[in-house]
Amino acid sequence: TYGYQERDQQQREEFIAQIEHMEPQEVVYLDEAGMNSQDSDYPYGYCEQGQRFDVLKSGKRQGRVSYMAPWCHQQLLAPDRFEGCCNRTVFELWLEFILIPTLKPGQTLVLDNATF
């Protein structure tokens with residue numbers, strides 16, 4: 001089983017206890033992900049037993065497409081797609097000008113521990 005050594009089970013239980021009392025429309029979950037065009041280049045393949053599997057793939061770096069999408073009460077709010085990786089500047093601009101104007105007073109934004 002894979003996990004993070006920094007996790008704190010007591011903090012996790014306290015967090016769950018807090019959001020259990022909230023209405024579904026009050027909690028907004030946010031995550032970011034990205035895809036590289038080379039993500040489909042797997043480092044393995046199939047061939048006949050005893051035969052070498054040879055394949056060539058491009059060494060050129062190609063673009064990354066990233067997206068952020070908050071989820072609240074079975075709805076996406078202010079989804080965004082952009083070229084490149086997410087960083088603090090991208091996140092803060094998106095938060096200020098795109099997400100916050102769509103939020104309602106009293107909603108709680110739940111984020112993972114992304115470094116940005």
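Because the model is predicted, local features were considered at a pLDDT of at least 70 and side-chain atom pairs at pLDDT 80 or more, whereas totals for chains, interfaces and linings use all residues. Residues are numbered from 1 along each chain as its sequence is written, and side-chain values rest on heavy atoms, with hydrogens and water left out.

The secondary structure of the protein chain consists of two helices and five strands, where helices (H or I, at least four residues) and strands (E, at least two) are DSSP runs numbered from the N terminus. Along the sequence these elements follow the pattern α-β-β-β-β-α-β. The protein chain has 116 residues, of which 15% count as buried; buried denotes a relative accessible area under 20%, exposed one over 50%, and partly exposed the range in between, for a 1.4 Å probe and protein chains only. With contact taken as heavy atoms within 4.5 Å, 60% of the contacts between residues at least 6 apart in sequence join residues at least 24 apart.

The largest pocket has a volume of about 480 Å³. Grid points are joined across faces, edges and corners, and the volume is the space filled by probe spheres set on the points. The lining of the largest pocket comprises 13 residues, and Arg7, Arg12, Phe15, Leu111 and Asn113 are those nearest its centre. At least two lining residues come from each of α1 (9–20), β1 (27–36) and β5 (108–111), and the largest share, three residues, is supplied by α1. By residue class, the lining contains six nonpolar, two polar and five charged residues, with Ala, Val, Leu, Ile, Met, Phe, Trp, Tyr, Cys and Pro counted as nonpolar, Asp, Glu, Lys and Arg as charged, and the others, Gly among them, as polar.

For aromatic side chains, rings of Phe, Tyr and Trp (its six-membered ring) pair if their centres lie within 6.5 Å, and planes under 30 degrees apart count as stacked, over 60 as edge-to-face and the rest as tilted. By this rule the count is one aromatic pair. The pair is tilted because the rings of phenylalanine 91 and tryptophan 94, with centres 6.1 Å apart, have their planes at 40°. Both residues belong to helix α2 (residues 88–99), where they are three residues apart and so separated by about one helical turn. Phenylalanine 91 is buried at a relative accessible area of 10%, and tryptophan 94 is likewise buried, at 2%.

The side chain of serine 66 reaches the backbone oxygen of glycine 84 at 2.6 Å, and, with neighbours within four places in sequence left aside, the contacts of serine 66 include Glu32, Gly34, Asp80, Phe82 and Cys86. Glutamine 107, in the loop between α2 and β5, is buried at 18% relative accessibility. Its side chain reaches the backbone oxygen of glutamine 25 at 2.9 Å and the backbone nitrogen of lysine 104 at 2.7 Å.

Leaving aside neighbours within four places in sequence, cysteine 47 is in contact with Arg52 and Phe53. In the loop between β2 and β3 (75–76), histidine 73 has a phi near 50°, a positive value in a residue other than glycine, and is partly exposed at 48% relative accessibility. Glutamine 74, placed in the loop between β2 and β3, has a positive phi of about 65° although it is not a glycine, and is exposed, with a relative accessible area of 64%.

Key:
On a 1 Å grid over the protein atoms alone, a cavity is a set of points where a 1.4 Å probe fits but cannot get out, and a pocket is an open set with protein on both sides within 12 Å along at least five of seven lines; lining residues have an atom within 4 Å of a point. A polar contact is a pair of N or O atoms within 3.5 Å; within protein, one must be able to donate a hydrogen and the other to accept it, and residues adjacent in sequence count only if both atoms are side-chain atoms.
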